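This report describes a protein chain and its packing. Please look at the sequence and the model before reading on.

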Amino acid sequence: MANSIANLVRLMRTGWVLARHDAFAGAETIDDLPPALRVGFRLIRWLGRRHPRGRKGLAAAIAELGPSYIKLGQFLATRADIIGSERAAELSKLQDKLPPFPRGVALEEIRKSLGSSPKALFDEIGPPIAAASIAQVHKATVRDEDGTLRDVAIKVLRPGIEKHFARDLDTFYYAARMMERYNPPSRRLRPIKTVDMLAQSVKLEMDLRMEAAALSEMAENSRNDPGFRVPRVDWERTGQRVLTTEWIEGTPLSDVEGLRARGVDFEQLGNTIIQTFLRHAIRDGFFHADMHQGNLFIDDDGLLVAVDFGITGRLDMKDRRFLAEILWGFITRDYQRVSNVHFQAGYVPLDQSPQVFAQALRAIGEPLLDKPAEQISMARLLGQLFHVTEQFNMSTQPQLLLLQKTMVVVEGVARSFNPRLNMWETAEPVVRQWAEQHFGPSAYLHDAAEGAATLGRFMSNLPEFFSEAERTAKLIADMAYAGGLKLDHATSEALAIAQARHNLTSRLALWIGALALAVLALGQFM
């Protein structure tokens with residue numbers, strides 16, 4: 001009960017900040033909310049109009065709410081199905097920039113995380129050069145055993161950030177549970193699953209050893225990729241709260257004039273960006289999910305370098321095959337094939353019609369045929385596809401939405417250098433190579449070998465399987481002989497009373513929240 005009230009108070013503060021920034025503009029439909037929440041919602045909006053802030057909009061409100069909400073905002077930018085495409089577009093521009101914490105605090109964090117004095121590990125550590133919601137970056141130098149100096153980048157977590165995020169994530173979970181309990185249509189959007197993914201993402205991001213491992217995995221996957229690399233990890237100077245990598249000396253893609261002065265081939269750069277992303281997503285099932293211009297550089301050797309692997313995405317083999325099949329199906333106008341892929345993957349419920357779904361897909365694909373190839377966007381295609389699936393009760397696939405959001409950014413970056421980029425021609429070599437490996441004769445041989453190995457393992461485990469079945473049958477027989485497990489009338493009544501108490505507690509918590517909001521409102525005028 002106390003925890004519910006604390007979460008409600010925190011949500012009310014959130015609502016108050018959102019209202020002052022007029023972030024509820026356009027959100028007029030509240031009839032589906034429980035009575036207490038409708039009262040609280042109207043009161044928050046009324047107070048917000050009386051005490052407005054200078055900066056307006058959802059992004060400004062989230063920036064004021066702090067680190068946890070900035071991460072939530074960045075995450076919701078991938079969920080247009082929840083907040084709408086307009087708000088998702090606004091949040092996609094949310095800047096994760098905060099004031100840096102003092103250099104002395106960073107040195108203490110380095111000492112505690114790495115177990116040695118910073119002076120023993122680094123020759124020199126400069127002031128912070130960039131600060132975000134979770135960590136900040138310092139440029140430093142390291143003296144190797146032969147006496148040579150090399151530049152490195154040190155990423156240091158903010159002190160106490162784990163406790164701060166844990167508290168706010170608890171509130172996010174509370175809000176998601178309330179959505180699923182009191183608004184059944186929202187269950188298709190899987191809000192609790194969404195918070196689960198955010199929590200997992202934040203957990204990984206706050207263990208910098210995981211980011212180091214992501215860099216290492218990406219380096220291994222892309223070691224033979226043309227025109228691309230990632231920074232090397234300095235494992236000796238990396239811990240849970242400190243990450244040290246090679247310092248990238250180069251030109252960020254945000255510095256267009258600097259790139260032009262270096263004579264960079266913009267058309268080829270656009271192609272490299274697209275092909276690199278597709279290799280990682282389709283071939284490896286592991287991609288950098290924050291590939292904006294500030295995280296991409298052209299180094300002194302002319303290679304594209306990606307930094308900041310705090311946010312990454314993964315696709316299992318089913319998702320990768322799904323992506324390749326639907327892209328190929330749209331290219332060949334085989335809408336029934338695309339429909340069948342959705343049903344085979346289990347994304348669309350079996351009570352829906354594959355033929356009607358194919359008809360809806362045709363409504364997406366046919367308009368593309370009238371456009372020049374350079375105007376066709378894979379990201380927009382996927383976005384329209386996910387929007388149409390709402391009509392067919394398709395469960396939200398957050399990993400595919402992250403892919404689509406990342407593809408929007410990647411396409412935008414690539415087309416900023418090559419406005420006439422032909423997505424199909426650029427992507428074709430990557431998709432064709434992967435398809436030949438996974439849909440050609442060699443793939444069938446590989447699948448057959450895997451099937452034979454699985455059958456062999458099953459046959460070898462048959463004696464244990466039959467033994468376990470015999471023990472289970474005996475246990476059931478013993479239970480039946482002893483009278484079994486009964487759910488009598490008294491037990492049923494006890495369960496019903498417990499459920500009623502649980503519902504009463506939930507309703508009481510909501511009304512207490514509304515009352516607390518009224519008290520806060522009165523405090524604004526005293």
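## Basis

This is a predicted model: local features need pLDDT of at least 70, side-chain atom pairs count only at pLDDT 80 or more, and totals for chains, interfaces and linings use all residues. Residues are numbered from 1 along each chain as its sequence is written, and side-chain values use heavy atoms, with hydrogens and water left out.

## Whole chain

The protein chain has 22 helices and ten strands; these are DSSP runs numbered from the N terminus (helices H or I, at least four residues; strands E, at least two). Of its 526 residues, 45% are buried, meaning under 20% relative accessible area, with exposed over 50% and partly exposed in between (1.4 Å probe, protein chains only).

## Nonpolar cores

A nonpolar core is a set of buried Ala, Val, Leu, Ile, Met, Phe, Trp, Tyr and Cys residues joined through side-chain atoms within 4.5 Å. The largest has 100 residues, and Leu253, Ile273, Phe277 and Leu403 touch the most other members. Helix 18 (residues 398-417) gives this core its largest share, nine residues. A second, separate core of 13 residues includes Ile110, Leu114, Phe122 and Ile154.

## Helix 16

Phe357, Ala358, Ala360, Leu361, Ile364 and Gly365 are buried in helix 16. Seen down the helix axis, the buried residues fall within an arc of 160°, so they line one face of helix 16; the arc is that of the directions from the axis to the C-beta atoms. The face turned away from the buried side carries exposed Gln355, Gln359 and Ala363.
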